[in-house]
Amino acid sequence: SIFENNKFIKPKIDLSQKTKDLQLELEYYSQNNKTYFIGQTNLPENTKIGISIDSKSSDYKIYINKDGTFKSAGFSYLGKSIKGEHEIELIVYKNKLWQNNEVLKKLDKYKGYGIEKESGSFKTKMYFEDKKFDLVKK
């Protein structure tokens, strides 16, 4: 796991397989009837990203931390954590509405599938376990 001190549900998804300069891993856990996405990337600190589930529910206010980690707000469906198979999309917009000038300059170094244009979109299917998993310290 990218967060070695904690136990998280699998799978860990590597979303950067087709992008040579970008590393991007995504995992999730459920706590208090919500599902949270966590990950690690080599995108610059303070890069704004978004996560969408089935193009219906989204969090577009996620910022990359100094150590490359990030965490979404909690997602739920009818008051419960997410279950079953869903399409997850992670979005990076490379424009002044989403990123400050410092981040925009740093984003210019990334080349390859999905990141060389004004926006990068990385989609994957995830299966969410139909039981409760909590974040647990080892």
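Burial came up as my opening entry: of the 138 residues of the protein, 46% count as buried. I am reading this from a predicted model, and I keep that in mind throughout. For the surface, I noted an accessible area of about 8200 Å², with 46% of that belonging to carbon and sulfur atoms.

Next I looked up the fold. Reading along the sequence, I wrote the pattern down as β-β-β-β-β-β-β-β-α-β-β. I also checked how far apart contacting residues sit in the chain: among contacts with a separation of 6 or more, 59% are between residues 24 or more positions apart.

Then I turned to the core. Which residues touch the most other members of the largest nonpolar core? I listed Phe37, Leu43, Ile49, Ile51, Phe70, Ile88 and Leu90, out of 23 residues in that core. The elements that give it two or more residues are β3 (24-31), β5 (48-53), β8, α1 (101-107) and β9 (119-128).

Aromatic rings were my next stop, and a search of the whole structure gave me four aromatic pairs. For Phe37 and Phe75, I noted ring centres 5.6 Å apart and planes at 80°. Planes over 60 degrees apart count as edge-to-face, so that is what I called this pair.

Where do the two partners, Phe37 and Phe75, lie? I placed Phe37 in strand β4 (residues 34-41) and Phe75 in the loop between β7 (69-71) and β8 (84-93), so the pair ties together parts that are 38 residues apart in sequence. Are they buried or exposed? Phe37 has a relative accessible area of 0%, and Phe75 has 4%. The cut-off for buried is under 20%, so I put down Phe37 as buried and Phe75 as buried too.

I also wrote down a cluster: ring pairs link Tyr60, Tyr93 and Trp98. Trp98 came back in my last entry, on charges over rings, with Lys48 lying over its face at 4.8 Å from the ring centre. Beside that I noted Lys71, which lies over the face of Tyr36, at 4.8 Å from the ring centre.

Note on methods
Residues are numbered from 1 along each chain as its sequence is written. This is a predicted model: local features need pLDDT of at least 70, side-chain atom pairs count only at pLDDT 80 or more; totals for chains, interfaces and linings use all residues. Side-chain values use heavy atoms; hydrogens and water are left out. Rings of Phe, Tyr and Trp (its six-membered ring) pair if their centres lie within 6.5 Å; planes under 30 degrees apart count as stacked, over 60 as edge-to-face and the rest as tilted. Helices (H or I, at least four residues) and strands (E, at least two) are DSSP runs, numbered from the N terminus. Buried means under 20% relative accessible area, exposed over 50%, partly exposed in between (1.4 Å probe, protein chains only). A charge sits over a ring if NZ of Lys or CZ of Arg is within 6 Å of the ring centre and within 35 degrees of the ring normal. Contact means heavy atoms within 4.5 Å. Accessible areas come from the Shrake-Rupley method with a 1.4 Å probe; for residues, only the protein chains shown count as cover. A nonpolar core is a set of buried Ala, Val, Leu, Ile, Met, Phe, Trp, Tyr and Cys residues joined through side-chain atoms within 4.5 Å.
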